[in-house]
Amino acid sequence: MILIGQYDSPFVRRVAIALRLYGLPFEHRPWSTFGEADKIAPFNPLRRVPTLVLDGGEALIESTAILDYLDELVGPDKAMLPAKGAERRQQLRICALASGLGDKSVSLVYERVLRKQQLSLWVERCEAQISGVLDVLEQARAGVAAPYWFGTRIGHADIAVACVLRFTTEAHPHLFDAVRYPALAAHAARCEALPPFQEIVQPLAPPSGD
Ligand SMILES: N[C@@H](CCC(=O)N[C@@H](CS)C(=O)NCC(=O)O)C(=O)O
């Protein structure tokens, strides 16, 4: 399998960490979505990452769909998301909130670097969405005493939240205050201490806008 995309993307990083935790070998092509879009296009016309190219050449797109395939590959006993039931729904909701937070953080980066003049209506909307999600995630995580969101085993929700917190903290430090979000800060610290998180990491390198 070949994973396309740089690890400064919270979406690419969560897929790479899941691959590592599952012990699935993969090659990595750290192609930039802007600088190397022409390389990505044959695999994904959206020119977005993550894109996972399977051994037969099939290209999977969208992190949720990619992780769904990885879960299928490792089977129900090893999968980090149950195949059905309440925990699956709850975990998918946390993943969707984290992923949406990631979308808004990425949008704000593009707004900052790609536009000469930022549109305050859009910036304020994204910032309100980000803090709204952080407040909900903080309350949810504070209500869980277990080491991970759904018990003693790490799951996709844990990885998604940790990856998006790192990205948001690096990209928009004013939007994440560890004093306001202590449970999320502790969650991120616990995940970031694990070997796959330490190995799969890249400081944020946003497009230059030139
Ligand atoms: N919903 C997508 C989001 C992926 C995404 O936003 N990737 C960014 C990099 S962090 C990207 O490809 N941006 C280029 C673009 O959207 O044009 C997923 O979960 O895979």
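Me: Which residues of H4 meet H6, and which ones in H6 do they meet?

Reply: This is a predicted model. On the H4 side you have Gln91, Ile94, Cys95, Ala98, Leu101, Gly102, Ser105, Val106, Val109 and Arg112. Facing them in H6 are His156, Ala157, Ala160, Val161, Val164, Phe167, Thr168 and Ala171. Sorted by class, this contact has 12 nonpolar, 5 polar and 1 charged residues.

Me: Why are H4 and H6 called roughly parallel?

Reply: Helix H4 covers residues 86-114 and helix H6 covers residues 156-171, and they pack at an angle of about 20°. Angles under 35 degrees count as roughly parallel, so H4 and H6 get that label. Their axes are 9 Å apart, and H4 passes H6 in a left-handed crossing.

Me: How do you know that the span of H6 agrees with its number of residues?

Reply: Count 1.5 Å a residue, and the 16 residues of H6 should span 22 Å. The expected span uses one less than the number of residues. The end C-alpha atoms of H6 are 22 Å apart, so the two values agree.

Me: What makes H6 mostly covered?

Reply: Of its 16 residues, 13 are buried, and buried means under 20% relative accessible area.

Me: H1 also packs against H6; why is H1 called oblique to H6?

Reply: Their packing angle is about 140°, with the axes 9 Å apart. Roughly antiparallel needs an angle over 145 degrees, and roughly perpendicular stops at 115. The crossing here is right-handed.

Me: Which residues of H1 and H6 meet?

Reply: From H1 there are Pro10, Arg13, Arg14, Ile17, Ala18, Leu21 and Tyr22. From H6 there are His156, Ile159, Ala160, Cys163, Val164, Arg166 and Phe167. By class they divide into 10 nonpolar, 1 polar and 3 charged.

Me: How do you know that H1 and H3 are roughly parallel?

Reply: Helix H1 (residues 10-22) and H3 pack at an angle of about 5°. That is under the 35 degrees cut-off, and therefore H1 and H3 are roughly parallel to each other. The axes are 10 Å apart. In H1 the contact uses Phe11, Arg14, Val15, Ala18, Leu19 and Tyr22, and in H3 it uses Ser63, Ile66, Leu67, Leu70, Asp71 and Val74. The tally by class is 9 nonpolar, 1 polar and 2 charged.

Me: Now the loops. What makes phi of Arg47 worth a look?

Reply: Most residues other than glycine have a negative phi. Phi of Arg47 is near 60°, a positive value. Arg47 sits in the loop between H2 and E3.

Me: Which peptide bond is cis, from Val49 to which residue?

Reply: The bond from Val49 to Pro50 is cis, with omega near 5°. Most peptide bonds are trans. Pro50 lies in the loop between helix H2 (37-40) and strand E3 (51-53).

Technical notes
Residues numbered from 1 in each chain as written. Predicted model: local features only at pLDDT ≥ 70, side-chain atom pairs only at ≥ 80, totals over all residues. Heavy atoms only, no water. Axes fitted to C-alpha atoms, helices over the stretch in contact; angles between N-to-C directions. Helix = DSSP H or I, 4+ residues; strand = E, 2+ residues; numbered from the N terminus. Parallel < 35°, antiparallel > 145°, perpendicular 65-115°, else oblique. Left-handed = near helix turned anticlockwise from the far one by under 90°. Contact = heavy atoms within 4.5 Å. Nonpolar A, V, L, I, M, F, W, Y, C, P; charged D, E, K, R; others polar. Buried < 20%, exposed > 50% of the residue type's maximum accessible area, 1.4 Å probe, protein only.
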